[in-house]
Amino acid sequence: MQEERLKKIIKLLDEQQTAITDLTSEIEQLEQAQQNLLTKTPPTPDIQEALYNTEPIVSEYNPEDEMEYYINNLSTINIDTPEITVKALLPSLQNKNATNILLRLKLECIKNMREINELLSEVDDISVEDLKGFKQELNIEQKKLEIINKRLLPVPKEKAESEELQENKLIFVPTTGGNIRVLEELKSIPSEYYERFYGLFSSIKDGTFKNVKSFRRLNNNDPLFCEVKDTAVRVMFARIGPQEYAVITCFIKKTDNNKGYRNQLEQKMGDYKQIAPILIANLENEEFMEQNEKYEQMLWETIKTEKGGKKTYVRPDTAKYRRNFK
């Protein structure tokens, strides 16, 4: 029986190897698309870079930062991840770089499959369990590839617009005192920055993630912190559900190596790590989600501009929100 299972697994792996071989020319095309993004890949920044960077502020868009964000997204997928969740991890159709990003993601999947098969071809003696593990990895990459290919297919404008009607949900991280951190922070930020913050929060909401960057985890237990940025302004966030994003902090980017500033950011990220499990546990709590919608209305009211348009403001019931964290 074990020998028969082994033969079936080997046969499936051989079939996938044949399929990958047939994709050789496509790999070359995708590698060219990769070159169109950037000829040299800079190292991925870590969390300490976000805290200690003293370089002058620049507003240039870095495609590799954006690409790293989506590669990190897809690394969370397993064989049981629903297709709708995988789609939510891919770039929005509103993103002007969506096609290039999808092509690069497709290249990464094919390369991963090819590396697995090359590794298998070099190993003479391998256990059934190891073969099963490789088969699962290949199936995950195949699953990603199929969904990416679907996303790359031309779609009628009406269908594309209807797909984009679904919006992400903003989950507002409280301070240790129970207030909403970003709403408190905006009170001390000059209003001339509000239009830029409006653009950043809107990009999290609609899934375009303006100038997005993700930071390496310091260890496997840490959340993956991300940021969207514009000239001199930043919003840090973390994905905590299929379409739920925790808004951690917003700030004007400092250019000086200020110890107090660094300590504040470290404290805010540390506070978030403590409360993240509670936020995640409440995503199915209808009252909790309703309160977050009201906090979102308060956010838009605070940073509204003529360009952004006026938003309806309803003052949230903070007492109800705080009860979720007791």
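**From values to words**

Modeller: Of the 326 residues in the chain, 45% are buried, and please keep in mind that this is a predicted model. The chain has 13 helices and five strands, and residues 24 or more positions apart supply 71% of its contacts with a separation of 6 or more.

Biologist: What makes phenylalanine 209 count as buried?

Modeller: The cut-off for buried is under 20% relative accessible area, and phenylalanine 209 has 3% relative accessibility, so it counts as buried. Phenylalanine 209 lies in the loop between α10 and β2, where, apart from residues up to four places away in sequence, it touches Tyr69, Tyr70, Asn168, Ser203, Ile204, Val228, Phe237 and Tyr245.

Biologist: Which core residues have the most contacts inside the largest nonpolar core?

Modeller: They are Phe197, Phe201, Phe209, Val235 and Phe237, in a core of 54 residues. Helix α6, residues 98-122, contributes the largest share of this core, with eight residues. A second, separate core has 20 residues, including Phe215, Ile240, Leu265 and Met269. In soluble globular proteins, nonpolar side chains tend to be buried together.

Biologist: Why is α10 called roughly antiparallel to α12?

Modeller: The axes of helix α10, residues 194-206, and helix α12, residues 286-303, cross at roughly 150° and come within 9 Å. Angles over 145 degrees count as roughly antiparallel, and therefore α10 is roughly antiparallel to α12. On the α10 side the contact is made by Tyr194, Phe197, Tyr198, Phe201, Ser202 and Lys205, and on the α12 side by Glu296, Leu299, Trp300, Thr302 and Ile303. By class, this contact has seven nonpolar, two polar and two charged residues.

Biologist: How do you know that lysine 268 is buried, when lysine counts as charged?

Modeller: The word follows from the accessible area: lysine 268 has a relative value of 16%, which is under 20%, and so it is buried. Lysine 268 belongs to helix α11, residues 259-281, and, leaving out residues up to four places away in sequence, it touches Arg181, Glu185, Ile248 and Thr249.

Biologist: What makes methionine 236 a buried residue, and which residues are in contact with it?

Modeller: With a relative accessible area of 2%, against a cut-off of under 20%, methionine 236 is buried. Methionine 236 is found in strand β4, and its contacts beyond four places in sequence are Phe215, Phe225, Cys226, Glu227, Ala246, Val247, Ile248, Thr249, Phe251 and Met269.

Biologist: Are cysteine 226 and cysteine 250 buried or exposed, and how many disulfides does a search of the whole structure find?

Modeller: Cysteine 226 has 4% relative accessibility and so counts as buried, and cysteine 250, at 2%, therefore counts as buried too. The search of the whole structure finds zero disulfides, the requirement being a pair of cysteine sulfur atoms within 2.5 Å.

Note on methods: Residues numbered from 1 in each chain as written. Predicted model: local features only at pLDDT ≥ 70, side-chain atom pairs only at ≥ 80, totals over all residues. Heavy atoms only, no water. Core = buried A, V, L, I, M, F, W, Y, C linked by side-chain atoms within 4.5 Å. Buried < 20%, exposed > 50% of the residue type's maximum accessible area, 1.4 Å probe, protein only. Helix = DSSP H or I, 4+ residues; strand = E, 2+ residues; numbered from the N terminus. Contact = heavy atoms within 4.5 Å. Axes fitted to C-alpha atoms, helices over the stretch in contact; angles between N-to-C directions. Parallel < 35°, antiparallel > 145°, perpendicular 65-115°, else oblique. Nonpolar A, V, L, I, M, F, W, Y, C, P; charged D, E, K, R; others polar.
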